[in-house]
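Thank you all for coming. I would like to take a few minutes to walk through one model, so please have a look at it with me before we go on.

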Amino acid sequence: MSALDTLGQRLERLAGEVELARPRFDVEPLPLVAPPTVEAAVELVKLAAADKLRVIPLGLGSKLGWCGTPGHADFVLSTRRLERVVSHVPDDGTITVEAGLSMARLAAKCRSGGHFLTPDVPAPARRTIGGVVAAGESGLDRLRYGPVRHHVLGTRTLLADGSLARSGGQLVKNVTGFDLHRLYCGSHGTLGVIVEVSLRLHPEPEREAWLTVEASSLADALQLTCAWPGARTIDGLAAREEAERASVRQRFDGSPHPKLHVACLPSKLENAAKIVLEALANARIEHGVALQPGIAEMLVELRSNVGDAQALSRLAGVLRNALARDNVSLAMRDAPRGALVELDPFGAPPAGLELMRTIQRNLDPDGVFSTGRFAGGL
Amino acid sequence: MRAGVLEELRAALGPAGVIADPTRLLAYECDGLALLRQKPAVVLLPRNTEECARAMRILHREKIPVVGRGAGTGLSGGATPVDGGALVGFARMRDVLEVNVADRYARVQAGVVNVDLTLAVEKHGLFYAPDPSSQAACTIGGNVGENSGGPHCFKHGATTRHILGLVIVRDDGSVLDLALPRPDPDGFDLVGLFVGSEGMFGLATEVTVRLVPTPPVTETFLAIFTDLDAACDAVSDSIAAHLEPSALEILDRLTIEAVEDSVFAAGYPREAEAVLLVEAEGTEVEVEATLAPMKAIALRRGAIDVRRARSAAERKKLWAGRKGAFGAMGRIAPDLYVADVVVPRTKLRELVAQSTRIARERRLKLANVFHAGDGNLHPNISYDRRDKDEVRRVLEASDEIMKVVVAAGGSLTGEHGVGLEKQEFMSLVFEERDLHAMCRVREAWDPAHLLNPGKLIPVHACREMRGTERPK
Ligand SMILES: Cc1cc2nc3c(=O)[nH]c(=O)nc-3n(C[C@H](O)[C@H](O)[C@H](O)COP(=O)(O)OP(=O)(O)OC[C@H]3O[C@@H](n4cnc5c(N)ncnc54)[C@H](O)[C@@H]3O)c2cc1C
């Protein structure tokens with residue numbers, strides 16, 4: 001306990017306040033620091049490097065449940081106080097901001113210049129741009145704008161040796177140097193802390209319309225949505241109570257239940273959805289579904305009757321096997337740690353895992369950010 | 001090369017797959033950056049991934065450096081051979097392996113020529129969006145190597161947005177199969193990282209590309225200006241007005257003259273100081289909603305005329321002129337130095353004018369033809385490579401242009417890559433620590449520095465890397 005205290009004091013000196021936070025809902029709390037400046041963040045990482053500590057980078061924590069349980073970790077570093085707008089050039093359609101800026105505030109900033117921020121994520125006040133980029137989170141608008149990694153023009157990333165390395169830039173077109181920012185996008189903070197992001201902006205649409213069709217059964221709805229790529233099936237949401245748009249955008253955000261995230265090629269989705277939903281019906285697991293055929297993505301919230309952790313793990317394993325033939329991926333989100341003992345929440349080990357490990361080791365020889373939470377235990 | 005290695009390579013690739021005859025090697029001594037030349041020790045032409053892997057295993061064992069080559073149209077020396085090294089060419093890998101219409105992707109061998117891909121999928125109402133002006137010659141593998149752009153990348157994005165998967169032969173001949181397309185990468189985005197790595201991370205033998213539905217309506221117009229500045233301003237205005245046509249290209253007077261004197265004659269008005277080529281695509285309503293305000297901006301900025309292409313044939317001609325522009329410049333002087341820099345789109349006028357001044361001060365002929373919508377300038381300098389002093393002035397002008405552009409917030413290259421040409425300028429835009437991170441990632445792919453060594457990373461940064469990071 002006294003060792004932790006000293007660490008706490010040292011963290012406090014560098015970053016001000018230290019709180020306790022859980023890096024996942026079901027693991028022991030760790031000290032969490034939110035440095036007020038990038039310089040303070042650098043000092044914190046240098047401290048970790050010097051003492052061979054392990055660090056979990058974090059924005060506002062909305063996507064921690066996507067990852068596995070960390071191996072050993074010493075503290076959590078949140079970017080949430082890094083909220084500066086570094087440069088905003090509406091007439092060039094670009095913006096550069098610190099990673100801790102919330103999606104809501106960033107979107108407002110973009111709107112002030114007549115631009116629209118993609119991805120259009122649920123609960124934008126509870127997400128930071130850095131977290132969205134680091135998790136590669138898509139929004140409802142992905143069908144039109146593509147994944148978020150396509151809009152990241154460059155990053156400034158705090159690496160394990162305490163250096164701040166830039167990749168890319170602030171221009172809409174640029175091939176100067178290797179695109180390391182593509183590596184950081186979607187890496188869940190296992191290579192470094194993204195502290196600054198440059199984005200390409202899109203004109204705010206002049207008009208927007210939502211069309212809602214009520215189907216009599218989920219099966220009908222599935223068929224209907226799959227025939228129309230722009231559509232989205234939502235099942236089991238209290239749509240009436242909220243503004244229509246908010247509910248359509250909703251993706252069980254903040255729900256404590258375990259979820260299955262299914263992604264594949266568009267033509268495979270209808271069948272994949274059938275396989276998953278049939279299995280859930282057979283097991284009498286109560287669930288909610290949000291399905292978007294245009295981007296071939298389905299999110300299923302498992303509400304009750306899931307059974308214990310082993311049962312959940314078995315269910316995911318069986319489904320993964322059944323879906324593998326069609327190259328459909330099935331990730332588990334917000335699953336209890338017991339379910340992740342033998343199962344990687346992201347799926348089968350990715351092709352190229354050895355190379356990924358080497359990249360991680362080369363950037364971070366002491367494993368400051370290698371907490372094993374990402375795919376393949378990266 | 002050790003005795004017996006050539007025979008071993010012949011056994012691996014068949015006799016037609018190995019070129020070692022000195023006169024035939026001459027054809028491979030440079031890419032589109034003809035100022036730099038180096039004869040390779042051997043050229044290898046595999047027919048498939050397996051052959052490529054076999055050859056790479058031998059080369060790796062022998063510690064022979066390797067340079068990949070598509071069509072050799074690159075303009076930054078990316079495919080310039082290395083002394084004593086092998087060149088692996090993809091000229092015999094031209095098969096379209098799969099076209100998946102439902103899921104809109106194709107899988108092709110790396111040597112497929114860019115335009116052939118679109119021709120192969122056209123009948124399905126699809127196309128491959130990145131369209132470098134060299135598309136009739138350049139390969140998809142080369143496009144991946146450089147993360148190439150093209151006029152229509154203004155709307156559709158450069159190559160990287162269109163690559164869904166790759167099969168990569170690694171430095172040691174092992175095969176990394178990332179061909180299966182999925183919405184998001186599994187683990188780190190190795191495919192995204194590989195695109196634009198200029199042949200330094202591995203050789204792509206197969207590429208899975210995204211296909212885009214052919215738009216229902218495409219309209220093209222030409223705005224004619226008596227002033228290059230005004231054309232630049234029209235583009236800056238349209239970006240500021242959030243207009244999103246699919247292409248926004250500028251050609252200046254010298255380029256227009258060269259094109260009109262060539263087989264690519266497109267009907268560009270010779271009296272113009274600049275033309276702005278605008279294309280919009282989508283539904284009829286979308287196209288109108290883009291082109292009407294575009295036209296108004298052009299006129300407000302002083303365009304003397306706005307001509308809409310009346311037929312598909314006319315449109316094709318306008319584009320053939322644009323895409324043939326570099327080639328047509330051959331009429332002005334024997335050699336052409338194609339610069340490639342990017343500027344913030346708020347500063348087009350200023351930086352185009354600066355490059356013109358820089359060339360004029362050095363008594364050089366500069367023509368502009370560029371992807372204006374992306375801020376991607378191509379100040380092209382005509383010269384004669386036999387005139388040593390002119391060559392010196394060309395390089396000096398190019399250096400100066402890069403410095404001015406970077407100082408204004410721009411970048412060294414928008415689509416042609418760093419290669420050998422801009423290597424030493426990397427320190428203008430990146431600090432040592434940025435380059436170190438790049439070096440470390442490169443080490444993961446190619447610890448022995450056998451893949452396209454001596455490119456992209458400035459020499460001093462690499463040396464430092466070796467000193468500090470690589471214990472013997
Ligand atoms: C007239 C003209 C017009 C041009 N217009 C444009 C334009 O509009 N936009 C644009 O972006 N570029 C343009 N270019 C530049 C050039 O055409 C592009 O860079 C093109 O992508 C190069 O393709 P290539 O097949 O010729 O590749 P190469 O020149 O042979 O190689 C390019 C680089 O990629 C590497 N490479 C090649 N194949 C592979 C592979 N299979 N795996 C890994 N690495 C590989 C090489 O080592 C080299 O570093 C133009 C060039 C010319 C001559």
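Predicted model: local features only at pLDDT ≥ 70, side-chain atom pairs only at ≥ 80, totals over all residues.

Sorted by class, the shell around the ligand is made up of 20 polar, 10 nonpolar and 4 charged residues. In total, 34 residues surround the ligand, and the closest are B:Gly68, B:Thr73, B:Ser134, B:Thr139 and B:Ser148.

Which parts of chain B supply at least two residues each to this shell? They are strand 3, covering 66-69, helix 5, covering 140-146, and strand 10, covering 203-210. Helix 5 of chain B gives the most, with 5 residues. If we think in domains instead, domain 1 (5-89) and domain 2 (96-213) of chain B each contribute at least three residues to the shell.

Let me turn to individual contacts with the ligand. B:Ser134 places a polar side-chain atom 2.5 Å from an oxygen atom of the ligand, and B:Thr73 likewise has a polar side-chain atom 2.6 Å from a ligand oxygen. With B:Gly68 it is a polar backbone atom that takes part, at 2.7 Å from an oxygen atom of the ligand. Taken on its own, the ligand has 980 Å² of accessible area, and the protein covers 95% of that.

My second topic is the aromatic rings, of which the structure holds 6 pairs over all chains. One of them is formed by A:Phe374 and B:Phe188, a tilted pair with 5.7 Å from centre to centre and 35° between the planes. Why does this pair join two chains? A:Phe374 lies in the segment after helix 11 of chain A, whereas B:Phe188 sits in the loop between strand 9 and helix 7 of chain B, so the contact runs from one chain to the other. Both A:Phe374 and B:Phe188 are buried.

Another pair, B:Phe201 with B:Trp445, is stacked, because the ring centres are 5.1 Å apart and the planes stand at 5°. B:Phe201 belongs to the loop between helix 7 and strand 10 of chain B and B:Trp445 to helix 16 of chain B, so this pair ties together parts that are 244 residues apart in sequence. B:Phe201 is buried, at a relative accessible area of 0%, and B:Trp445 is buried with a value of 0% as well. Ring pairs also link B:Phe201 and B:Trp445 with A:Phe178 and B:Phe194 into a cluster.

Finally, helix 16 of chain B, residues 432-445, also holds B:Arg440, which is buried, with a relative accessible area of 8%.

Methods. Residues numbered from 1 in each chain as written. Chains lettered and ligands numbered in written order. Heavy atoms only, no water. Near = heavy atom within 4 Å. Polar contact = N/O pair within 3.5 Å; in protein donor to acceptor, adjacent residues only side chain to side chain. Areas by Shrake-Rupley, 256 points an atom, 1.4 Å probe, with all protein chains shown as cover. Helix = DSSP H or I, 4+ residues; strand = E, 2+ residues; numbered from the N terminus. Nonpolar A, V, L, I, M, F, W, Y, C, P; charged D, E, K, R; others polar. Domains from an automatic or database assignment. Buried < 20%, exposed > 50% of the residue type's maximum accessible area, 1.4 Å probe, protein only. Phe/Tyr/Trp six-rings, centres within 6.5 Å; stacked < 30°, edge-to-face > 60°.
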